[in-house]
Amino acid sequence: MTFAATIVTLYPEMFPGPLGISLAGRALREGRWSLDTVQIRDFAIDRHRTVDDTPAGGGAGMVLRADVLAAALDSVGPGRPVLAMTPRGAPLTQARVRALAAGPGAVVLCGRFEGFDERIFEAREIEEVSIGDYILSGGEMGALVLLDACIRLVPGVMGAPSSGMDESFETGLLEYPQYTRPVEWEGRTIPEVLRSGDHARIEAWRRRQAETDTRLRRPDLWERHEGARVQSPSGAQRRTRDE
Ligand code: SAH
(Lines give C-alpha, C1' and ligand atoms only; values in the text may rest on other atoms or scores of the structure.)
Protein backbone atom coordinates (compact mmCIF):
# COMPACT_ATOMS: atom_id res chain seq x y z
CA MET A 1 0.00 0.00 0.00
CA THR A 2 1.26 3.47 -0.76
CA PHE A 3 0.86 6.60 1.30
CA ALA A 4 -1.01 9.31 -0.60
CA ALA A 5 -0.41 12.90 0.47
CA THR A 6 -2.49 15.81 -0.78
CA ILE A 7 -1.48 19.31 0.27
CA VAL A 8 -4.06 22.07 0.14
CA THR A 9 -2.07 25.29 -0.02
CA LEU A 10 -1.56 28.72 -1.54
CA TYR A 11 2.04 27.71 -2.29
CA PRO A 12 2.09 24.36 -4.11
CA GLU A 13 5.56 25.19 -5.45
CA MET A 14 6.91 24.49 -1.95
CA PHE A 15 6.29 20.74 -2.55
CA PRO A 16 7.89 18.25 -2.66
CA GLY A 17 10.75 20.65 -1.77
CA PRO A 18 13.02 18.88 0.71
CA LEU A 19 10.88 15.73 0.42
CA GLY A 20 12.16 15.36 -3.15
CA ILE A 21 15.68 14.43 -2.00
CA SER A 22 17.33 11.65 0.01
CA LEU A 23 15.24 8.69 1.22
CA ALA A 24 11.87 10.42 0.84
CA GLY A 25 12.74 11.60 -2.69
CA ARG A 26 13.85 8.16 -3.79
CA ALA A 27 10.71 6.61 -2.28
CA LEU A 28 8.59 9.20 -4.10
CA ARG A 29 10.22 8.30 -7.42
CA GLU A 30 9.76 4.62 -6.63
CA GLY A 31 6.06 5.19 -6.03
CA ARG A 32 6.10 4.19 -2.36
CA TRP A 33 4.26 7.39 -1.58
CA SER A 34 2.53 9.95 -3.76
CA LEU A 35 2.11 13.67 -3.56
CA ASP A 36 -0.30 16.07 -5.13
CA THR A 37 -1.24 19.62 -4.34
CA VAL A 38 -4.43 21.64 -4.51
CA GLN A 39 -4.08 25.38 -5.12
CA ILE A 40 -6.60 27.05 -2.81
CA ARG A 41 -6.76 30.06 -5.13
CA ASP A 42 -8.24 27.88 -7.89
CA PHE A 43 -11.39 27.67 -5.75
CA ALA A 44 -11.91 31.40 -5.31
CA ILE A 45 -15.30 32.44 -6.56
CA ASP A 46 -14.82 36.09 -7.46
CA ARG A 47 -13.16 37.77 -10.39
CA HIS A 48 -10.12 38.78 -8.33
CA ARG A 49 -9.62 35.22 -7.05
CA THR A 50 -9.77 36.39 -3.43
CA VAL A 51 -8.97 33.75 -0.82
CA ASP A 52 -8.92 35.92 2.29
CA ASP A 53 -10.57 38.92 3.88
CA THR A 54 -10.16 41.19 6.90
CA PRO A 55 -10.93 39.75 10.37
CA ALA A 56 -14.48 40.23 11.58
CA GLY A 57 -14.37 42.46 14.65
CA GLY A 58 -11.19 44.17 13.45
CA GLY A 59 -7.52 43.53 14.04
CA ALA A 60 -4.40 42.94 12.03
CA GLY A 61 -3.91 40.60 9.10
CA MET A 62 -6.18 38.57 6.87
CA VAL A 63 -8.26 35.44 7.43
CA LEU A 64 -8.72 32.60 4.94
CA ARG A 65 -12.33 32.37 3.76
CA ALA A 66 -14.32 29.32 4.83
CA ASP A 67 -16.24 29.07 1.54
CA VAL A 68 -13.06 28.99 -0.55
CA LEU A 69 -11.34 26.52 1.81
CA ALA A 70 -14.37 24.23 1.78
CA ALA A 71 -14.48 24.19 -2.01
CA ALA A 72 -10.75 23.33 -2.11
CA LEU A 73 -11.15 20.55 0.46
CA ASP A 74 -14.28 19.17 -1.19
CA SER A 75 -12.36 18.79 -4.46
CA VAL A 76 -10.28 16.07 -2.77
CA GLY A 77 -11.75 12.58 -2.72
CA PRO A 78 -12.83 10.98 0.60
CA GLY A 79 -11.09 8.17 2.48
CA ARG A 80 -8.14 9.92 4.10
CA PRO A 81 -7.93 11.98 7.30
CA VAL A 82 -7.92 15.74 6.77
CA LEU A 83 -5.40 17.55 8.95
CA ALA A 84 -5.09 21.31 9.29
CA MET A 85 -1.87 22.86 10.52
CA THR A 86 -2.75 25.18 13.40
CA PRO A 87 -0.74 26.41 16.40
CA ARG A 88 -3.65 25.50 18.69
CA GLY A 89 -3.93 21.96 17.29
CA ALA A 90 -2.96 18.78 19.10
CA PRO A 91 0.85 18.63 19.35
CA LEU A 92 2.10 16.13 16.78
CA THR A 93 3.41 12.92 18.37
CA GLN A 94 5.26 9.87 17.12
CA ALA A 95 2.18 7.80 17.99
CA ARG A 96 -0.02 9.92 15.70
CA VAL A 97 2.65 9.85 12.99
CA ARG A 98 2.88 6.06 13.19
CA ALA A 99 -0.91 5.69 12.93
CA LEU A 100 -1.03 8.02 9.93
CA ALA A 101 1.84 6.21 8.21
CA ALA A 102 -0.03 2.91 8.58
CA GLY A 103 -3.10 4.39 6.89
CA PRO A 104 -3.94 5.43 3.33
CA GLY A 105 -2.32 8.87 3.62
CA ALA A 106 -3.39 12.37 4.57
CA VAL A 107 -4.88 15.56 3.23
CA VAL A 108 -3.04 18.50 4.80
CA LEU A 109 -4.52 21.97 4.86
CA CYS A 110 -1.97 24.77 5.20
CA GLY A 111 -2.89 28.15 6.65
CA ARG A 112 -1.37 31.55 5.90
CA PHE A 113 -1.84 35.07 7.27
CA GLU A 114 -3.89 35.00 10.51
CA GLY A 115 -5.23 31.54 9.74
CA PHE A 116 -8.65 30.06 9.01
CA ASP A 117 -12.24 31.24 9.39
CA GLU A 118 -13.37 29.21 12.41
CA ARG A 119 -16.46 27.89 10.66
CA ILE A 120 -14.39 25.58 8.44
CA PHE A 121 -13.68 23.46 11.54
CA GLU A 122 -17.38 23.23 12.36
CA ALA A 123 -18.48 22.41 8.82
CA ARG A 124 -15.89 19.78 7.88
CA GLU A 125 -14.24 16.88 9.69
CA ILE A 126 -10.76 18.29 10.30
CA GLU A 127 -8.07 17.29 12.79
CA GLU A 128 -5.98 20.25 13.91
CA VAL A 129 -2.29 19.55 14.37
CA SER A 130 0.52 21.72 15.73
CA ILE A 131 4.22 21.07 15.27
CA GLY A 132 5.20 23.03 18.38
CA ASP A 133 4.66 26.08 20.54
CA TYR A 134 5.93 28.73 18.14
CA ILE A 135 4.40 30.53 15.18
CA LEU A 136 5.34 29.79 11.57
CA SER A 137 4.40 32.11 8.73
CA GLY A 138 2.45 29.32 7.07
CA GLY A 139 1.37 25.72 7.43
CA GLU A 140 3.56 24.45 4.56
CA MET A 141 6.67 23.91 6.70
CA GLY A 142 4.49 22.09 9.21
CA ALA A 143 3.08 19.90 6.44
CA LEU A 144 6.64 19.06 5.32
CA VAL A 145 7.54 18.09 8.89
CA LEU A 146 4.44 15.95 9.26
CA LEU A 147 4.98 14.20 5.93
CA ASP A 148 8.69 13.64 6.52
CA ALA A 149 7.89 11.94 9.82
CA CYS A 150 5.23 9.75 8.18
CA ILE A 151 7.09 8.83 5.01
CA ARG A 152 10.16 7.45 6.75
CA LEU A 153 7.84 4.91 8.40
CA VAL A 154 6.21 3.79 5.15
CA PRO A 155 7.37 0.21 4.39
CA GLY A 156 10.40 0.12 2.10
CA VAL A 157 11.41 3.75 2.64
CA MET A 158 13.98 3.39 5.41
CA GLY A 159 16.95 1.03 5.04
CA ALA A 160 16.50 -1.46 7.88
CA PRO A 161 12.89 -1.79 9.05
CA SER A 162 14.07 -2.32 12.63
CA SER A 163 16.09 0.89 12.75
CA GLY A 164 12.96 2.85 13.59
CA MET A 165 12.07 0.97 16.74
CA ASP A 166 14.76 2.21 19.15
CA GLU A 167 14.36 5.78 18.05
CA SER A 168 13.46 8.52 20.51
CA PHE A 169 9.73 8.58 21.41
CA GLU A 170 8.98 5.14 19.96
CA THR A 171 9.20 3.55 23.40
CA GLY A 172 8.15 6.67 25.26
CA LEU A 173 11.83 7.31 26.04
CA LEU A 174 14.56 9.31 24.36
CA GLU A 175 17.16 7.29 22.52
CA TYR A 176 20.41 6.25 24.26
CA PRO A 177 23.64 8.02 23.21
CA GLN A 178 25.31 6.75 20.03
CA TYR A 179 29.02 6.40 19.16
CA THR A 180 31.03 5.33 16.15
CA ARG A 181 34.70 5.00 15.16
CA PRO A 182 37.30 6.22 15.86
CA VAL A 183 37.38 4.49 19.23
CA GLU A 184 39.47 7.34 20.61
CA TRP A 185 38.95 10.95 19.59
CA GLU A 186 40.50 13.98 21.34
CA GLY A 187 41.29 11.75 24.29
CA ARG A 188 37.69 10.54 24.62
CA THR A 189 36.88 6.88 24.21
CA ILE A 190 33.72 5.00 23.36
CA PRO A 191 32.23 3.53 26.57
CA GLU A 192 33.84 0.14 27.22
CA VAL A 193 30.52 -1.69 27.46
CA LEU A 194 29.70 -0.88 23.81
CA ARG A 195 32.95 -2.54 22.73
CA SER A 196 32.42 -5.61 24.94
CA GLY A 197 30.33 -7.58 22.47
CA ASP A 198 28.13 -8.60 25.42
CA HIS A 199 24.67 -7.93 24.00
CA ALA A 200 22.80 -8.30 27.28
CA ARG A 201 25.11 -5.82 28.98
CA ILE A 202 24.87 -3.44 26.04
CA GLU A 203 21.11 -3.59 26.08
CA ALA A 204 20.98 -2.97 29.84
CA TRP A 205 23.39 -0.02 29.51
CA ARG A 206 21.35 1.48 26.70
CA ARG A 207 18.11 1.14 28.62
CA ARG A 208 19.64 2.77 31.66
CA GLN A 209 21.03 5.64 29.59
CA ALA A 210 17.70 6.15 27.84
CA GLU A 211 15.91 6.27 31.17
CA THR A 212 18.40 8.67 32.76
CA ASP A 213 18.41 10.97 29.73
CA THR A 214 14.63 11.05 29.59
CA ARG A 215 14.32 11.75 33.31
CA LEU A 216 16.84 14.61 33.18
CA ARG A 217 16.05 16.15 29.80
CA ARG A 218 12.33 15.56 29.48
CA PRO A 219 10.67 15.14 32.86
CA ASP A 220 7.29 15.45 31.10
CA LEU A 221 7.99 12.36 28.96
CA TRP A 222 9.43 10.50 31.94
CA GLU A 223 6.35 11.09 34.04
CA ARG A 224 4.09 9.77 31.29
CA HIS A 225 6.35 6.76 30.76
CA GLU A 226 6.37 5.93 34.47
CA GLY A 227 2.59 6.33 34.63
CA ALA A 228 2.17 3.87 31.74
CA ARG A 229 4.56 1.37 33.35
CA VAL A 230 2.71 1.33 36.65
CA GLN A 231 -0.56 0.70 34.82
CA SER A 232 0.60 -2.07 32.47
CA PRO A 233 1.27 -5.50 34.05
CA SER A 234 4.07 -6.34 31.58
CA GLY A 235 5.74 -3.04 32.47
CA ALA A 236 5.45 -3.87 36.16
CA GLN A 237 7.18 -7.22 35.56
CA ARG A 238 9.96 -5.56 33.64
CA ARG A 239 10.42 -3.18 36.50
CA THR A 240 10.77 -5.96 39.08
CA ARG A 241 13.39 -7.68 36.99
CA ASP A 242 15.40 -4.47 36.57
CA GLU A 243 15.54 -3.61 40.24
N1 SAH B 1 -3.02 33.77 14.08
C2 SAH B 1 -2.59 32.45 14.32
C3 SAH B 1 -1.25 32.15 13.67
C4 SAH B 1 -1.27 32.15 12.18
S5 SAH B 1 0.25 31.67 11.50
C6 SAH B 1 -2.48 32.22 15.82
O7 SAH B 1 -2.14 33.15 16.54
O8 SAH B 1 -2.68 31.09 16.28
C9 SAH B 1 -0.22 31.21 9.86
C10 SAH B 1 -0.41 29.76 9.59
O11 SAH B 1 0.82 29.07 9.83
C12 SAH B 1 -1.42 29.03 10.45
O13 SAH B 1 -2.72 29.16 9.93
C14 SAH B 1 -0.95 27.60 10.39
O15 SAH B 1 -1.42 26.94 9.25
C16 SAH B 1 0.56 27.75 10.29
N17 SAH B 1 1.24 27.57 11.58
C18 SAH B 1 1.86 28.52 12.30
N19 SAH B 1 2.40 28.01 13.41
C20 SAH B 1 2.16 26.69 13.41
C21 SAH B 1 2.46 25.61 14.28
N22 SAH B 1 3.14 25.80 15.41
N23 SAH B 1 2.04 24.38 13.95
C24 SAH B 1 1.32 24.18 12.81
N25 SAH B 1 1.02 25.16 11.94
C26 SAH B 1 1.41 26.40 12.22
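Leu83 stands opposite Val108 in strand E6, and that pairing is a handy way into this predicted model. Strands here, like helices, are DSSP runs numbered from the N terminus (E, at least two residues, for strands; H or I, at least four, for helices). Residues are numbered from 1 along each chain as its sequence is written, and side-chain values use heavy atoms, with hydrogens and water left out. Because the model is predicted, local features need pLDDT of at least 70 and side-chain atom pairs count only at pLDDT 80 or more, while totals for chains, interfaces and linings use all residues.

Stay with E6 for a moment. Strand E5 (residues 82-91) pairs with strand E6 (residues 105-109) in the parallel sense, over three bridges; two strands count as paired if DSSP finds at least two bridges between them. Val82 has Val107 as its bridge partner in E6. E1 also runs parallel to E6, and five bridges join them; Ala5, for instance, has Ala106 as its bridge partner in E6.

How many residues of E6 are buried? Five of its five, so the strand is mostly covered, where buried means under 20% relative accessible area, exposed over 50%, and partly exposed in between (1.4 Å probe, protein chains only). Gly105, Val107 and Leu109 point one way from E6, Ala106 and Val108 the other way, and all are buried.

Now zoom out to the sheet. It is open, with five strands in the order E2-E1-E6-E5-E7 and parallel pairing. Strand E2 (33-39) and strand E7 (127-130) sit at the edges with a single partner strand each, so one side of each has no neighbour in the sheet. From one strand to the next the twist averages 35°. Lying across E1 (3-9), E2, E5 and E6 is helix H2 (residues 66-74), which runs at about 160° to E6. For such angles, axes are lines fitted to C-alpha atoms, for helices over the stretch in contact, and the angles run from 0 to 180 degrees between N-to-C directions; contact means heavy atoms within 4.5 Å.

On to the charges. The structure holds 18 salt bridges, each being a side-chain nitrogen of Lys or Arg within 4 Å of a carboxyl oxygen of Asp or Glu. One of them joins the side chains of Arg88 and Glu118 (3.0 Å, N to O). Arg88 lies in E5 and Glu118 in the loop between E6 and helix H4 (119-123), so the pair ties together parts 30 residues apart in sequence. Glu118 counts as partly exposed, at 37% relative accessibility.

Arg112 and Glu140 form another salt bridge, their closest N and O atoms being 2.9 Å apart. Is Arg112 buried or exposed? Buried, at 16% relative accessibility, and Glu140 is buried too, at 0%.

Helix H6 (residues 199-217) holds both Asp213 and Arg217, four residues apart, or about one turn of the helix. Their side chains meet in a salt bridge (3.8 Å, N to O). Asp213 is buried at 18%, whereas Arg217 is exposed at 59%.

Back in H5 (residues 140-151) we find Met141, which counts as partly exposed at 49% relative accessibility.
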